[in-house]
Amino acid sequence: MQHLDLAKQDEGKIWIRKPMPSSDDGIMIKIENRRGGALALEGKTIRALHVAFDNFGDCFIMGDQHGQIYYFDLNKNRMKLCQRLGSAVTALSFSTRHKNEFLVCCADNSMKCFNMETRDLLGWMKGHSSAINNISVHSSGKYALTTSNDVAQLWDLDTFSRKRKLNIRENVGILKVFFLPLSNTIITCFKDDSIFGWEADTLQCKFQLPVPVEERSQYLTVAISSDSRFLVAGGRSQFLHVYTLDSRRLFRIIQLPNKVKSVKQLNFLPEKFGDGSNEMLSVLSKDGILRVIHIHNCNLLFDVGDAQNPILNFTSSPNGKYIIGVMDSGSLHVFSVKSLTSHLNKAPVPLLKVVSEGATGSKKVLEDSRATYSSAPVSTARSSCSTLKTIPPPVSSARSARTDVTSESSSAYPSYNVMTEPFELKKLRRILRAYGEYPAKYRLFIWKNLLQLPENHEAFSCLVDKGTHSAYLNLHEDYPMKSRKLLRVLQRTCSSLAHWSAIFGEVKFLPVMIFPLVKLFQNNALVCFEVSATVLLNWCQHWFEFFPNPPINILALVENLLAHHDKVLLNHFITYKVTSQRYAWPMLESLFSEVMTKQEWQVLFDNIFSNEPGYILYVVVAYLTVCRSPLLAMTEPEDFDYFFKHRNAANIRSVIKEANQLADCTPDNVNPIKLLDGFMPLSVGQYQAFNKYPDFVVDFEAKEREKLKDDEVEYLKEKQVASDLKKELSKKISDVEEWYKQQEQVLAAGEQRKQLWKEEAKIREQLARLESLKQ
């Protein structure tokens, strides 16, 4: 643990040493500011008020009562002074679009936007009549919501102007207004415990969450999970109300310990592993102690703080590594979540012991071990285990339906942090043999361990920095999606794979192949790329050696397997000229995603990832044999094409069981597991080269694409030149027509002049006659 005094630190100076958490309380750094200056007495602490993390979670800014904004980088071990505003900070937030921009609200009821590097004031937004207590930035970074006690306002961060003003009734105050993560919905929470969801564009009410009658809490704070599944509200009671936004109903009521009388702040603690859901909830009560609980099994995981120096407010990092508490003494305490949860990662008490053979002795040791397991205490924070109470949502007015969550029921929902020991493949395969799949809660975590992902952040950043590959610039035209986020992740993953190996810029079915993986790992771009690359490196062996044609060698292995196990079905295919490119390749190039549902696909890949790469060919043959009855009834080529590109009534359990039986009884001469290479994970540090494809074909395709691109550019230039010539010609034609009109007018004027001359000659002649008559 390190103590950092800002009064003794120069701007931009490196800290004394790398902060390390202490083993007892998890504190990494204690930050104080005793620099008095003209506004404070010497030695008096300038109180820290608010903290905000950036989008990555390794840097944060802190605002104090004098309006000073400090920037801290926990990775580079640096700090600097960003701004001096002169008035107390009431709210802070980073921009979600520009990493060097942040928003700060001061006691003058305004919000300002600054650039951290240049320290320039980019925008000054005024309009509140009272202090702003909350800032919510839209995931796109274009809009921001600010909340005060009487009004909420929607701001456009491109023009720094107010877009909407959200007024309420005078007798109802606003508690909090914020954007729902990764959506276009605004959640408003009022002081009468009512919670509404609104469409951000039209401000039309989409839903209202029910308010429990029996356990009213007078809400003071709310929190939303990052996947927008759960909303938790708490206030002037020891009860927390957990809502599910999918069904828009009250999911659970959690009763906190009896010494908790009021809840000041709630926040979901991001978890490192999992499918993007949040289940660890941080609860700051009125006594100044921060408790972290599990919302499903209601276990108290750990707590932070004490009554001598209570926590006023706290902030957790987006990556789940740190918790920063603003203490009552005015200092900041940075806690390490890894250190606080170290007790959750301990190995469990063994159930059995190795004993010598003997029925009597074995039975005795087994009974002893069970007794030891049942009486062993579960280790938690502060060497004690606490189980909270959960109250089911009130179906009726019966309040006596409270139940205590026992240790058996809580073990059904363990935390992600429990599973940190390396897995043994043999044990996992025994689980698959017994249950057919992995627990859905730990599936993605198990996959990442099975695939042995290296998590090469630097190498992946280099691939991402190269930008979107030219082959996937118009991906939205070929694969239109409703979710823009999913489309961006798919485009970034495909581009990174194309920069990693040139072949993946030419493979047309790559987006379809990796789409199921992208959808599962869309919240972690690095893991999404490495899982896709591992699949291509192992389970797609020798697929691209005959590019751009299908892999004839792999399809031949499938045909040999089918000939060995089901000759009747193979002869039926041969009779109606259905080749392996029609009955095997469509399933392989889409990784079975077109013929299976999401749940079936996940169960299937539990088994594929737990076996050698050649096992996927057994799955193809097993799928054919399970569906042999409808296949034998088909005679038209169109029926076969439709069958292998749409979902069918094939039981996934039967397919896996058949694949396992085929793997057990197949001879070595046609066994793809023996003929293909074994599993090879991605290398650590830098990714290995992928060059198992014909270079001249890919180079030719790339040259042809570049040639077409150049031809298109040349065509556009010629089209522009032709358009300019056409405009110039039309202008000349109009000028000639104008000249002819002018000539006609000149000729008409000459004819008029001639007539005038004739008239003048007649008049002169008449005058001459009159003159002669006078004489």
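A search of the whole structure finds 11 salt bridges, a salt bridge being a side-chain nitrogen of Lys or Arg within 4 Å of a carboxyl oxygen of Asp or Glu. The structure is a predicted model, in which local features need pLDDT of at least 70 and side-chain atom pairs count only at pLDDT 80 or more, while totals for chains, interfaces and linings use all residues. Residues are numbered from 1 along each chain as its sequence is written, and side-chain values use heavy atoms, with hydrogens and water left out.

The protein has 21 helices and 32 strands; these are DSSP runs numbered from the N terminus, with helices (H or I) of at least four residues and strands (E) of at least two. Of its 775 residues, 48% count as buried, where buried means under 20% relative accessible area, exposed over 50%, and partly exposed in between, with a 1.4 Å probe and protein chains only. Among contacts with a separation of 6 or more, 57% come from residues 24 or more positions apart, a contact meaning heavy atoms within 4.5 Å.

**Salt bridges**

- Glutamate 279 forms a salt bridge with lysine 441, and the closest N and O atoms of the pair are 2.4 Å apart.
- This pair links distant parts of the chain, since glutamate 279 is in the loop between strand S23 (263–269) and strand S24 (280–285), whereas lysine 441, 162 residues apart from it, is in the loop between helix H4 (425–435) and helix H5 (443–450).
- Glutamate 279 counts as buried because its relative accessibility is 7%.
- Arginine 443 forms a salt bridge with glutamate 437, with 3.0 Å between the closest N and O atoms, and both arginine 443 and glutamate 437 are buried.
- The side chains of aspartate 566 and arginine 628 meet in a salt bridge of 2.8 Å, N to O.
- Aspartate 566 lies in the loop between H11 and helix H12 (567–575), and arginine 628 lies in helix H17 (residues 628–632), so the pair ties together parts that are 62 residues apart in sequence.
- Aspartate 566 counts as buried at 7% relative accessibility, whereas arginine 628, with a relative accessible area of 29%, is partly exposed.

**Packing of H5 against H15**

- Two packed helices are described by the angle between their axes and the distance between the axes.
- The axes of H5 and helix H15 (residues 598–609) come within 11 Å and cross at roughly 30°, the axes being lines fitted to C-alpha atoms over the stretch in contact, with angles running from 0 to 180 degrees between N-to-C directions.
- That angle makes H5 roughly parallel to H15, as angles under 35 degrees count as roughly parallel, over 145 as roughly antiparallel, 65 to 115 as roughly perpendicular and the rest as oblique.
- On the H5 side, Arg443, Trp447 and Leu450 meet residues of H15 that include Trp601, Phe605, Asp606 and Phe609.

**Surroundings of leucine 562**

- Leucine 562 has its place in helix H11 (residues 552–565) and counts as buried, at 0% relative accessibility.
- Leaving aside neighbours within four places in sequence, leucine 562 is in contact with Lys567, Leu569, Leu570, Phe573, Tyr583, Val621 and Leu624.
- Between the C-alpha atoms of leucine 562 and tyrosine 618, which are 56 residues apart along the chain, the separation is 9.3 Å.

**Two open sheets**

- Strand S28 (residues 322–327) and strand S29 (residues 332–336) run antiparallel and are joined by 5 bridges, and valine 326 has leucine 332 in S29 as its bridge partner.
- An open sheet of 4 strands has the order S7-S8-S9-S10, with antiparallel pairing.
- Here strand S7 (89–94) and strand S10 (121–125) are at the edges, each with a single partner strand, so one side of each has no neighbour in the sheet.
- Neighbouring strands of this sheet are turned by 20° against each other on average, direction ignored.
- S7 pairs with strand S8 (residues 101–106) in the antiparallel sense over 5 bridges, and valine 89 stands opposite cysteine 106 in S8.

Key: Pairing = 2+ DSSP bridges.
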